[in-house]
Amino acid sequence: MMILDIDPKVDYAFKRVYGREENRDVLASILEAVLAGTEFGTITELEILNPFNERDTADDKLSIVDVRARQKSGELFNIEMQLLPFKEMRQRLLYYWSVSFAEQLGKGHSYTALKPTIMICFADYDVFPVAPAGIHGSE
């Protein structure tokens, strides 16, 4: 067996490991590790989704998250891996989150049907060097 020295943080490797249907259990494991101690810390029946945030019109921005998944209970997960600092990373993460959150509702649906959309970003740098007011780490 040949062992390749591939960094799992490289975009292609990350998507290959965590974004494939046959690796749902690996994705569930990392999600549970990240979300441990929260109301979302137990992952059940995870479905890997298309990572493309489709455009409604030709003028809309096409965005592609690294890995997208949904739990049977409806929670959505957008997972990003970012090695190099990206100046607008906070805005990009918020945009990805908002697109996934908003596309849950169709015409005539109630806002109570919205399920949590959780954005997780693994980065090799501080995306939020200082926590915004109201956001606190573990006590």
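Leaving aside residues up to four places away in sequence, Thr117 touches Leu76, Asn78, Trp97, Ser100, Phe101 and Gln104. This is a predicted model. Thr117 belongs to strand S6, and its side chain makes a polar contact of 3.2 Å with that of Gln104. Thr117 has a relative accessible area of 10% and is therefore buried.

The strand that carries Thr117 is part of an open sheet. Four strands make up this sheet, arranged in the order S1-S4-S5-S6 with mixed pairing. Strand S1 (46–49) and strand S6 (117–123) are the edge strands, each pairing on one side only. From one strand to the next, the twist averages 25 degrees. Strand S5 (residues 76–82) and S6 run parallel and are joined by seven bridges. Opposite Ile120 in S6 stands Ile79. Helix H3 (residues 89–102) packs on the sheet, where H3 touches S4, S5 and S6, and its direction makes about 155 degrees with that of S5. Helix H2 (residues 24–35) lies across S1, strand S4 (67–71), S5 and S6, and runs at about 105 degrees to S1.

The structure holds nine salt bridges, among them the following.

| Salt bridge | N to O distance |
|---|---|
| Asp11 and Lys15 | 3.1 Å |
| Arg68 and Glu103 | 2.2 Å |
| Glu80 and Arg92 | 3.5 Å |

Asp11 and Lys15 both lie in helix H1 (residues 11–18), where they are four residues apart, about one turn of the helix. Asp11 is partly exposed, at a relative accessible area of 35%, and Lys15 is partly exposed at 30%.

The salt bridge between Arg68 and Glu103 links distant parts of the chain: Arg68 is in strand S4 and Glu103 in the loop between H3 and S6, 35 residues apart. With a relative accessible area of 7%, Arg68 is buried, whereas Glu103 counts as partly exposed at 40% relative accessibility.

Glu80 and Arg92 also meet in a salt bridge. This pair, twelve residues apart, links distant parts of the chain, with Glu80 in strand S5 and Arg92 in helix H3. Glu80 counts as buried, at 2% relative accessibility; Arg92, at 22%, counts as partly exposed. Elsewhere, salt bridges that share partners join Asp11, Lys15 and Asp66 into one network.

Definitions and conventions: Residues are numbered from 1 along each chain as its sequence is written. This is a predicted model: local features need pLDDT of at least 70, side-chain atom pairs count only at pLDDT 80 or more; totals for chains, interfaces and linings use all residues. Side-chain values use heavy atoms; hydrogens and water are left out. Two strands pair if DSSP finds at least two bridges between them. Helices (H or I, at least four residues) and strands (E, at least two) are DSSP runs, numbered from the N terminus. Axes are lines fitted to C-alpha atoms, for helices over the stretch in contact, and angles run from 0 to 180 degrees between N-to-C directions. Contact means heavy atoms within 4.5 Å. Buried means under 20% relative accessible area, exposed over 50%, partly exposed in between (1.4 Å probe, protein chains only). A polar contact is a pair of N or O atoms within 3.5 Å; within protein, one must be able to donate a hydrogen and the other to accept it, and residues adjacent in sequence count only if both atoms are side-chain atoms. A salt bridge is a side-chain nitrogen of Lys or Arg within 4 Å of a carboxyl oxygen of Asp or Glu.
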